[in-house]
Amino acid sequence: MSFDTIRLEKGLYRTGQSFTRALEELDPSENYKGTSLEGLDAYQRQLKRFGIKVGGSQSSPVEKFFATTDSAALFPEYISRAVSQGIEEAETLPRIIATTTMIEGLDYRSISSAASEDEKELKIVAEGAHIPETTLSMQANLVKLRKRGRMLVASYEAIRFQKLDLFTIMLKQIGAYIARSQFDDAVSVLVNGDGNGNPAPVSSIADTTTHNITYSDLVNFWNLFSPYELNTIVAEPAVMTKLLNLPEFKDASAGMNFQGTGKMITPIGADLIKSPSVASGTLIGLDKSCALEMVKAGEVITEYDKLIDRQLERAAITATSGFAKIFTGASRVLNV
């Protein structure tokens, strides 16, 4: 079946399967290797089929999607992709996530390994001796999934002549809102645990009277992470200000990196993230590679019936996700 003869309809939006995946089943991308359409997925080929340009100075108006019944079926996927792009560009969340698990449904239990300090050590095993064991077990409680989203409120008449390039910016902002809410959820799990008795260990700086953090406090905090690595620090704005004003943070190489790229580093090599999601007077240190698992019940979902039928008065855009601790000791809280 050629991409320009596929009949597009609401039925291609199936529960538990993306619109693009449904299109790929009808029109596999592997069939286009060596052609001018190589590199485009099934959805992008449909945009080309109907001459819809979603970006650039020559982007199409919104009404281009509704020129035919078939092309109208592409509109919800366009919205989902734009919102997803906004979530990805928010950038902060991937910096604290070790892995992402996709599930079909709303029930999910993660696994844990509650190893003692002695069990973490790989000892020499004599010939014929018992090999030390590491036990993996199912968590007692389910991961709490939360639906985050926004309601798109607009009439078709109000947006029909708007260029898709501008409309995409609006949708990406919705994605940024969702990403910030998900980051709030992630920080909460890092600090309080995921309901399985695994909150982050808490320590304090030496000077609890003036609350002035020192480089020595940071080094002591760094030492607590063995055998994990302190490679990411998330701090609320006031604490971040204190960190950046430490003399050790003002060396030439750190300054050049911050002034040249806008990315902050620490003398101990940790990635710095400023976020109001963190409680006042605290910072969170973590080993990004093994501290937190993100659980997603599908991708961004757009209510498609109203969009396809041009009734754009209210259309829900949602993303359902949750977070689980992987290793409890891989994240810690420092009170400043």
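Guide: A helix here is a DSSP run of H or I with at least four residues, and helices are numbered from the N terminus. Please keep in mind that this is a predicted model.

Visitor: Thanks! In which helix is V187 found?
Guide: V187 is buried, with a relative accessible area of 4%. Leaving out residues up to four places away in sequence, V187 touches S277, V278 and I284. As for its place in the fold, V187 belongs to helix 7.

Visitor: How far apart are the C-alpha atoms of V187 and F323?
Guide: These two residues are 136 positions apart along the chain. Their C-alpha atoms, though, are separated by 9.3 Å.

Visitor: Let's step back for a moment. What share of the contacts with a separation of 6 or more joins residues 24 or more positions apart?
Guide: The protein chain has 11 helices and 12 strands, and buried residues make up 42% of its 336 residues. Among contacts with a separation of 6 or more, the share from residues 24 or more positions apart is 79%.

Visitor: Which residues touch the most other members of the largest nonpolar core?
Guide: This core holds 38 residues. Helix 1 (19-26), helix 2 (42-49), helix 4 (75-90), helix 6 (156-159), helix 7 (164-192) and strand 11 (315-325) each give it at least two residues. The members with the most contacts to other members are F65, L74, Y78, V83 and L171.

Visitor: How many residues are in the second, separate core?
Guide: Among the members of this second core are I96, A186, C290 and V333. Its total number of residues is 22.

Visitor: Why does the pair of Y228 and F327 tie together parts that are 99 residues apart in sequence?
Guide: The two rings form a tilted pair, 5.9 Å centre to centre with 35 degrees between the planes. Y228 is buried because its relative accessibility is 18%, under the 20% cut-off; F327, at 28%, counts as partly exposed. The pair ties these parts together because Y228 lies in the loop between helix 8 (215-223) and strand 6 (232-235), and F327 lies in the loop between strand 11 and strand 12 (331-335).

Visitor: Which residue does a cis peptide bond join to S226?
Guide: Omega for this bond is about 10 degrees.

Visitor: What value is phi of H211 near?
Guide: H211 sits in the loop between strand 5 (202-204) and helix 8, and at 34% relative accessibility it counts as partly exposed. Its phi is positive in a residue other than glycine, near 60 degrees.

Visitor: Which helix gives the most to the lining of the largest pocket?
Guide: About 1,200 Å³ of space lies in this pocket. Its lining has 41 residues, with A297, G298, E299, V300 and I301 nearest the centre. Helix 1, helix 4, strand 1 (99-102), strand 9 (292-296), strand 10 (301-302) and strand 11 each supply at least two lining residues. With seven residues, the one that gives the most is helix 4.

Visitor: Is A324 buried or exposed?
Guide: A324 is found in strand 11. Its contacts beyond four places in sequence are S110, V143, V189, D194, A291, L292 and E293. The C-alpha atoms of A324 and D194 are 5.5 Å apart, although 130 residues separate them along the chain. Since its relative accessibility is 0%, A324 counts as buried.

Visitor: One last stop: which residues does S331 touch beyond four places in sequence?
Guide: S331 has its place in strand 12 and is buried, with a relative accessible area of 0%. Not counting residues up to four places away, it touches L190, A200, P201, F225, G285, L286, A291 and K325.

Conventions. Residues are numbered from 1 along each chain as its sequence is written. This is a predicted model: local features need pLDDT of at least 70, side-chain atom pairs count only at pLDDT 80 or more; totals for chains, interfaces and linings use all residues. Side-chain values use heavy atoms; hydrogens and water are left out. Buried means under 20% relative accessible area, exposed over 50%, partly exposed in between (1.4 Å probe, protein chains only). Contact means heavy atoms within 4.5 Å. A nonpolar core is a set of buried Ala, Val, Leu, Ile, Met, Phe, Trp, Tyr and Cys residues joined through side-chain atoms within 4.5 Å. Rings of Phe, Tyr and Trp (its six-membered ring) pair if their centres lie within 6.5 Å; planes under 30 degrees apart count as stacked, over 60 as edge-to-face and the rest as tilted. On a 1 Å grid over the protein atoms alone, a cavity is a set of points where a 1.4 Å probe fits but cannot get out, and a pocket is an open set with protein on both sides within 12 Å along at least five of seven lines; lining residues have an atom within 4 Å of a point. Grid points are joined across faces, edges and corners, and a volume is the space filled by probe spheres set on the points.
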